[in-house]
Amino acid sequence: MLNGKRILLGVTGGIAAYKSPLLVREFVKAGAEVQVVMTRSAAQFVTPLALATVSKREVVSEMFPRPDDPNSTSWTKHIDLGMWADIMLVAPATAHTLARIAHGFADDMLTSLALALRCPLALAPAMDVDMFLNKTTQQNIDILKESGCFVIDPEEGELASGLVGPGRLPEIDRLVAFVDGILEKIHRDLSGKSILVTAGPTQEPIDPVRYIGNRSSGKMGFAIANAAALRGAEVTLVSGPVYLRTPRSVRRIDVSTAEEMNTAVHLEFENVDAVIMSAAVADYTVANPVNKKIKRETMPGDELTLTLKKNPDILKSLGEKKQNRVLVGFALETDDGIKNAKEKLRRKNLDLIVLNNPNEPGAGFNSDTNVVTFLTPAGQAEHLPLMSKFDVANRILDRVKSTLTWLT
Ligand SMILES: Cc1cc2nc3c(=O)[nH]c(=O)nc-3n(C[C@H](O)[C@H](O)[C@H](O)COP(=O)(O)O)c2cc1C
């Protein structure tokens with residue numbers, strides 16, 4: 001995958017930076033073009049001259065061009081390089097730079113680039129064991145993963161400090177394989193396509209403090225939005241209330257009730273090529289929510305009866321007007337899955353239905369993995385093995401892409 005690819009290699013001020021020239025050499029040997037971007041601290045550990053020599057390109061470090069530099073012809077390098085690259089890898093990534101990227105700092109060339117990037121961002125944290133296990137570093141890594149960055153775990157072993165534990169930069173061949181694996185998964189094959197994704201639960205109010213909801217975490221929909229954006233699509237994510245960060249380059253619209261989701265989805269629908277409805281939309285809402293908190297002391301008797309009414313069927317209404325858009329739905333079934341999903345596929349005029357059962361090991365709401373079966377209008381059924389929600393997302397997008405190609 002590396003042949004002909006353009007790699008931005010970010011080098012930061014960790015002891016493992018001395019290995020960076022070897023990493024550049026391996027990328028170059030595999031046929032990639034490498035542009036090195038280094039922090040000021042990195043230059044304490046490895047010289048720009050060494051990196052420029054092996055990459056055969058001037059190393060970029062400073063944000064602002066020097067007036068006396070005859071090569072300073074581009075004043076927006078942090079944007080230009082972000083558009084040039086197929087992938088950016090920061091290796092080694094210090095605790096300091098992980099924190100800066102996680103929180104959107106853009107105080108040097110490397111972090112500005114990370115923020116402006118349109119391609120996948122991969123990170124290889126490397127540091128002393130205590131810095132790595134520190135809660136703040138771990139939280140920053142979680143933030144980065146949730147925002148759609150690819151993070152390779154450091155290896156365990158003896159560290160520069162003499163301490164032993166996780167923190168070592170992975171061996172060069174593992175880093176090369178890591179980048180290769182990401183490039184294999186992420187092609188910019190959805191560029192120019194516009195995709196609407198829904199995610200999460202809806203909350204149907206009973207009174208100002210209580211609601212009827214469900215256990216959807218939103219992880220499946222967010223994985224789809226992330227994967228679609230990485231593949232170059234313009235992504236709008238309509239999300240119910242969830243505790244997840246918005247993936248990079250995704251436009252997010254927050255809603256609470258099924259009615260709000262219905263309005264938002266129909267507004268966006270006109271401008272998209274495909275809709276993937278993974279949200280767990282409530283079938284029913286409370287008919288008469290009250291605007292003051294219900295107090296048990298003031299309610300007569302031991303029982304409280306709520307009257308529910310049907311919510312709009314968003315999928316069905318989209319199916320009725322979809323024309324040449326691709327429409328994907330999800331079916332969450334605990335019994336008679338295939339039969340019910342087939343029926344839903346037909347009733348709602350879908351191009352694909354993704355069936356899952358929350359009771360299967362590795363599937364379900366809060367899990368990072370899923371086990372799904374794809375069903376198509378032609379009667380085709382494909383059962384996928386247990387895989388990450390990100391991988392499931394890519395398989396769904398492969399189907400969306402081939403249906404779009406077939407439609408046009
Ligand atoms: C000898 C030495 C080795 C260091 N090694 C690391 C390291 O492996 N990982 C790390 O996160 N920080 C390390 N640091 C600390 C960073 O250099 C420091 O946090 C710096 O601000 C990082 O800047 P940068 O992220 O902009 O490159 C080291 C510092 C020294 C003096």
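Partly exposed means a relative accessible area between the two limits of under 20% for buried and over 50% for exposed. By that rule Lys-316, at 33%, counts as partly exposed. The views below show a predicted model.

View 1. The ligand is surrounded by 15 residues. The closest are Gly-13, Thr-39, Thr-94, Ala-95 and Thr-97. Helix 4, residues 95-102, gives the largest share of this shell, with 4 residues. By class, the shell holds 8 polar residues, 6 nonpolar residues and 1 charged residue.

**View 2. Side chains of Thr-39, Ser-41 and Thr-94 at ligand oxygen atoms.** In Thr-94, a side-chain N or O atom is 2.5 Å from an oxygen atom of the ligand. For Thr-39, the distance from a polar side-chain atom to a ligand oxygen is 2.6 Å. Ser-41 also places a polar side-chain atom by a ligand oxygen, at 3.0 Å. On its own, the ligand has 650 Å² of accessible area, and the protein covers 65% of that.

**View 3. Lys-219 and Asp-368 in a salt bridge.** Their closest N and O atoms are 3.1 Å apart. Lys-219 belongs to helix 9, residues 219-230, while Asp-368 sits in the loop between strand 17 (352-356) and strand 18 (369-370), so the pair ties together parts that are 149 residues apart in sequence. Lys-219 is partly exposed, at 22% relative accessible area. Asp-368 is exposed, at 53%. In total, the model has 25 salt bridges.

**View 4. Arg-231 and Asp-398 within a salt-bridge network.** The two side chains meet in a salt bridge, with an N to O distance of 2.8 Å. Asp-398 lies in helix 13 (residues 389-407) and Arg-231 in the loop between helix 9 and strand 11 (234-239), so this bridge ties together parts that are 167 residues apart in sequence. Asp-398 is partly exposed, at 37%. The network links Asp-189, Arg-231, Asp-398 and Lys-401.

View 5. The side chains of Lys-316 and Glu-320 meet in a salt bridge, at 3.4 Å from N to O. Glu-320 is exposed because its relative accessible area, 61%, is over 50%. Lys-316 is partly exposed, at 33%. Side chains of opposite charge can pair when their charged atoms come close.

**View 6. Ser-278 and its contacts with the backbone.** Ser-278 sits in the loop between strand 13 (274-277) and strand 14 (284-286). Ser-278 counts as buried, with 13% relative accessibility.

**View 7. Ser-367 in the loop between strands 17 and 18.** Ser-367 is buried because its relative accessible area of 19% is under 20%. A polar atom of its side chain lies 3.2 Å from the backbone oxygen of Gly-362. Asp-368, the salt-bridge partner of Lys-219, is placed in the loop between strand 17 and strand 18 as well.

**View 8. A nonpolar patch on the surface.** Five residues form the patch: Tyr-284, Met-299, Leu-304, Leu-306 and Leu-308. Together they have about 440 Å² of accessible area. Leu-308 is found in strand 15, residues 308-310. Leu-308 is partly exposed, at 41% relative accessible area.

**View 9. Val-60 and Met-109, separated by 49 residues in sequence.** Their C-alpha atoms are 7.7 Å apart in space. Val-60 lies in the loop between helix 2 (48-55) and helix 3 (77-84). Val-60 is buried, with a relative accessible area of 7%.

Technical notes: Residues are numbered from 1 along each chain as its sequence is written. This is a predicted model: local features need pLDDT of at least 70, side-chain atom pairs count only at pLDDT 80 or more; totals for chains, interfaces and linings use all residues. Side-chain values use heavy atoms; hydrogens and water are left out. A residue is near a molecule or strand if one of its heavy atoms lies within 4 Å of it. A polar contact is a pair of N or O atoms within 3.5 Å; within protein, one must be able to donate a hydrogen and the other to accept it, and residues adjacent in sequence count only if both atoms are side-chain atoms. Accessible areas come from the Shrake-Rupley method with a 1.4 Å probe; for residues, only the protein chains shown count as cover. Helices (H or I, at least four residues) and strands (E, at least two) are DSSP runs, numbered from the N terminus. Ala, Val, Leu, Ile, Met, Phe, Trp, Tyr, Cys and Pro count as nonpolar, Asp, Glu, Lys and Arg as charged, and the others, Gly among them, as polar. Patches are made of residues with over 30% relative accessible area and no salt bridge: like charges are joined within 9 Å, nonpolar side chains (Val, Leu, Ile, Met, Phe, Trp, Tyr) within 5 Å. A salt bridge is a side-chain nitrogen of Lys or Arg within 4 Å of a carboxyl oxygen of Asp or Glu. Buried means under 20% relative accessible area, exposed over 50%, partly exposed in between (1.4 Å probe, protein chains only).
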